[in-house]
Amino acid sequence: MALDVWSSVLSLTGVALGGGLTALSQRVTQRSAERVEERRLRAATGEARRTEQLHAIKEFIACAQEAERAAYRRPDPWGGEDDGWSASAGTTMTTLWVAERHLVLLCDPALHSAVHAYARALNQAVWREIGDTEVNEHLEEHKTAFMTAARASLSSIDAGTGG
């Protein structure tokens, strides 16, 4: 009789131990799968964010180029008939400032001051608040600082530290 009880107890212990190990194995596998899915989701979100930021930077560059063209097309002397130049320049500058705000909303804070300084320099060039300084001479430093900051901002996203 004692042998039957021990046999049953050992059998029951084996079943309990096997069930526990199976449950533990399933839990570990489930957690591992959840971590893999979390990493995949983070990578996809990061890539989508980088793409959105890259698009915003490209849009700002296109607007900046248009503003630069407006600065070069500005009629001399200022104040006379400008064949619609000032209305066109006003629209161009509004578009530039919207693109600048878009970058401030989307991108790394390290980019904010550089994009604002470049947009301000473009605004000064378009409305001739630069005196006798040539447009390209006035813009070069700000354009270079912006491009450097934009590259750094995108690189920080690639490295997984930004955004």
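Reply: Start with a definition: helices are DSSP runs of at least four residues, numbered from the N terminus. The model is predicted.

Me: What separates glutamate 38 and arginine 42 in helix H1?

Reply: About one helical turn, because they are 4 residues apart in helix H1.

Me: Why is the contact between glutamate 38 and arginine 42 called a salt bridge?

Reply: The N to O distance is 3.7 Å. The cut-off is within 4 Å, so the pair qualifies.

Me: How do you know whether arginine 42 is buried or exposed?

Reply: Its relative accessible area is 53%. Exposed means over 50%, so arginine 42 is exposed. Glutamate 38, with 48%, is partly exposed.

Me: What makes the salt bridge of glutamate 68 and lysine 143 a tie between parts apart in sequence?

Reply: Their side chains meet at 3.2 Å, N to O. Glutamate 68 lies in helix H1 and lysine 143 in helix H4, so the pair ties together parts 75 residues apart in sequence.

Me: Why does glutamate 68 count as buried?

Reply: Buried means under 20% relative accessible area. Glutamate 68 has 9% relative accessibility, so it counts as buried. Lysine 143, with 24%, is partly exposed.

Me: How do you know that cysteine 63 is in no disulfide?

Reply: The search of the whole structure finds 0 disulfides. The nearest cysteine sulfur, that of cysteine 107, is 14 Å away.

Definitions and conventions: Residues are numbered from 1 along each chain as its sequence is written. This is a predicted model: local features need pLDDT of at least 70, side-chain atom pairs count only at pLDDT 80 or more; totals for chains, interfaces and linings use all residues. Side-chain values use heavy atoms; hydrogens and water are left out. A disulfide is a pair of cysteine sulfur atoms within 2.5 Å. Helices (H or I, at least four residues) and strands (E, at least two) are DSSP runs, numbered from the N terminus. Buried means under 20% relative accessible area, exposed over 50%, partly exposed in between (1.4 Å probe, protein chains only).
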